[in-house]
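Here's a quick briefing to read alongside the model. Have the sequence and the 3D view open as you go.

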Amino acid sequence: MESRRAVRVLFLEDDRGVGELLGAALRDEGIEVVGHEVETDRLVAAALATRPDVVVADVDLGATDALELPSMLGPEGPPILWWSGHADVYRERALRAGGQGFISKRDSVPRLTGAIRRVADGGET
């Protein structure tokens, strides 16, 4: 049986507790977490340094405008999977800003990891 390469993920989440839980859950599902940042500027620098397969980015960061990420990362940057606890408010705005998909924080971990793998494989969610 062919071994599947681990997907490398960098994520943007301003709540450190949620970030720690997300990182642990993703690792348990075989996703390699290459970093967790709380601000867009730091995420861009980390993306250049770590070259993730996917960026999972919280849309609602308060003072920081995460919707600027697609332009900050540029066309050669990694694909973005947006996530938020307020899908009804942010889904359309986030997808218009750029990115390859959107998932709710209320979705299950297997659904999130499936979305990450689809985006890493060039698909959308």
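In strand E7, Gly101 is the bridge partner of Leu81, and Ser104 is the bridge partner of Ser84. Keep in mind that this is a predicted model, where local features need pLDDT of at least 70, side-chain atom pairs count only at pLDDT 80 or more, and totals for chains, interfaces and linings use all residues. Residues are numbered from 1 along each chain as its sequence is written, and side-chain values use heavy atoms, with hydrogens and water left out.

**Strands E6 and E7**
- E6 (residues 80-84) and E7 run parallel, joined by 4 bridges; strands here are DSSP runs of E with at least two residues, helices are runs of H or I with at least four, and both are numbered from the N terminus.
- Gly101 and Ile103 point one way from E7 (residues 101-104), Phe102 and Ser104 point the other way, and all are buried, meaning under 20% relative accessible area with a 1.4 Å probe, protein chains only.
- In general, side chains in a regular strand alternate between the two faces of the sheet.

**The sheet**
- Five strands form an open sheet with parallel pairing, in the order E2-E1-E3-E6-E7; two strands pair if DSSP finds at least two bridges between them.
- At the edges sit E2 (32-37) and E7, each pairing on one side only.
- On average, neighbouring strands of this sheet are turned by 25 degrees against each other, direction ignored.
- Axes are lines fitted to C-alpha atoms, for helices over the stretch in contact, with angles from 0 to 180 degrees between N-to-C directions.

**Helices on the strands**
- H2 lies across E1 (8-12), E2 and E3, and runs at about 170 degrees to E1.
- H4 lies across E6 and E7, at about 170 degrees to E7; contact means heavy atoms within 4.5 Å.
- E6, H4 (residues 87-97) and E7 make a right-handed β-α-β unit: with the strands pointing away from the viewer, the path from the first strand over the helix to the second runs clockwise.

**Arg51**
- Arg51 sits in the loop between H2 (40-50) and E3 (54-58).
- Its phi is near 50 degrees, a positive value in a residue other than glycine.
- Most residues other than glycine have a negative phi.
- Arg51 is exposed, with a relative accessible area of 57%, where the cut-off for exposed is over 50%.
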